[in-house]
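Trainee: I have just opened this one and would like a guided look. Could you start me off with the core?

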Amino acid sequence: MRAVFLPGGRQVEVREIPRPTPGEGEVLLAMRAAGLCGSDLHMQYRPAPEHRHGPIFGLVTNPEIVPSHEPAGVVAEVGPGVRNLRVSDRVAVHHMAGCGHCVACRRGWDINCQQKYGVYGLDLPGAMQDYMVVRSRDCVHVPSNISLDEAAYYTCGAGTGYLALRRAGFALGDTVAVVGLGPVGLAAAYFAMLSGARVVGLETIEARRLFAEQVGVAVTCDAADPDVLGQLRAATGGWGADVVVESSGSSAGRVLALGAAAIGGRVVCVGFADTENVLDVQASIIQKQLDVRGAWMFPLTDLQDMLNAVSLRGVSIKPLITGTYSIDDAAPAWAEFDQGGPGKMVLHWPEDVATTEQLSS
């Protein structure tokens, strides 16, 4: 079977590897979608080969591990002891695989697992391969009216944007500013817009600003413009934003997010960076009486709840998916993503690809 590897230096290799076999408590997925995420761009695609083993964003990745932590597929084979899944089930995978027993995991926060069990696409084989072995406990069912391309997007990018709004206590009548209109920020802006909010997007890349406006974001501003805060205040009635989602991960973006918030506003930071910020805490947080929160992914149970909620409401994020590529075209997919292309990009496998059961019959 085919698998993608990112050895570093913007190189992409598609290799033939053996198809894995699920063990106790595991299932084999016939992959249908694997998302391209900005964290992989910074940790795996761009770094030089000699830097691929070092810590980036505080995490260490292995160039011999198949990338992509945004998986969705169809169960092709069920390992011993699995009771919650069967062949042909459509599933998405929560990529932070906790031990299930420590305090963090028992509270639902696998991402903060004290045993550091593993992360699909970082130190466990990820989604950019024809077949992928995952633990059944890390899978959630995908409702029939949600495509598996969308489901893959929800497992990290769109889900992080969705939960950032909830973490901010987003409410009817709030104005929302989003700093950084990559896949995460774009999703946050889109969900806020669908909920009736006036949304202002702050982004340095023009193509991303234009695309955000096309999908319904009311106003976008060039985040690099010296008068960007003046433009934002003009777009929000001179007050600033009630909710700000910071998804750029840049030092300048974090400072901008605090400046964009109205007095008493809520700022949620989701973007990763290795740089440290120097902040005037008194002027930018205390005197503005801001509520500043961090949001690192979301619990496993929230992924299922989120998919069920958007399914019941008929919400589609297909308009945000701008590029679908076959696994053989992984190199041009990563290259386009590296150029700051708008929207979400995924590797896609046709729905009629045979499952293991069909191949062995």
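Trainee: Which residues touch the most other members of the largest nonpolar core?

Mentor: This is a predicted model, and in it the largest nonpolar core has 59 residues, of which Tyr154, Val176, Val178, Phe191, Val199, Val245 and Ile317 touch the most other members.

Trainee: And which elements give two or more residues to this core?

Mentor: Those elements include the strands β6 (71-78), β12 (175-179) and β15 (241-246), along with helices such as α3 (148-154), α4 (157-167) and α10 (300-313), while α5 gives the most, with 8 residues.

Trainee: What is valine 178 in contact with, leaving aside its neighbours within four places in sequence?

Mentor: Valine 178 is in contact with Gly185, Ala188 and Ala189, with Val199, Val200, Gly201 and Leu202, and also with Val245 and Ser247. Apart from the core we have been discussing lies another one, of 34 residues, with Met31, Ala330, Ala333 and Trp349 among them.

Trainee: Switching to α11, which of its residues are buried?

Mentor: In α11, which covers residues 330-338, the buried ones are Ala330, Ala333, Trp334, Phe337 and Asp338. Looking down the axis of α11, these buried residues fall within an arc of 135 degrees, and so they line one face of the helix.

Trainee: What follows that helix?

Mentor: Glycine 340 follows α11, and its phi is positive, near 80 degrees.

Terms used: Residues numbered from 1 in each chain as written. Predicted model: local features only at pLDDT ≥ 70, side-chain atom pairs only at ≥ 80, totals over all residues. Heavy atoms only, no water. Buried < 20%, exposed > 50% of the residue type's maximum accessible area, 1.4 Å probe, protein only. Helix = DSSP H or I, 4+ residues; strand = E, 2+ residues; numbered from the N terminus. Arc of directions from axis to C-beta. Core = buried A, V, L, I, M, F, W, Y, C linked by side-chain atoms within 4.5 Å. Contact = heavy atoms within 4.5 Å.
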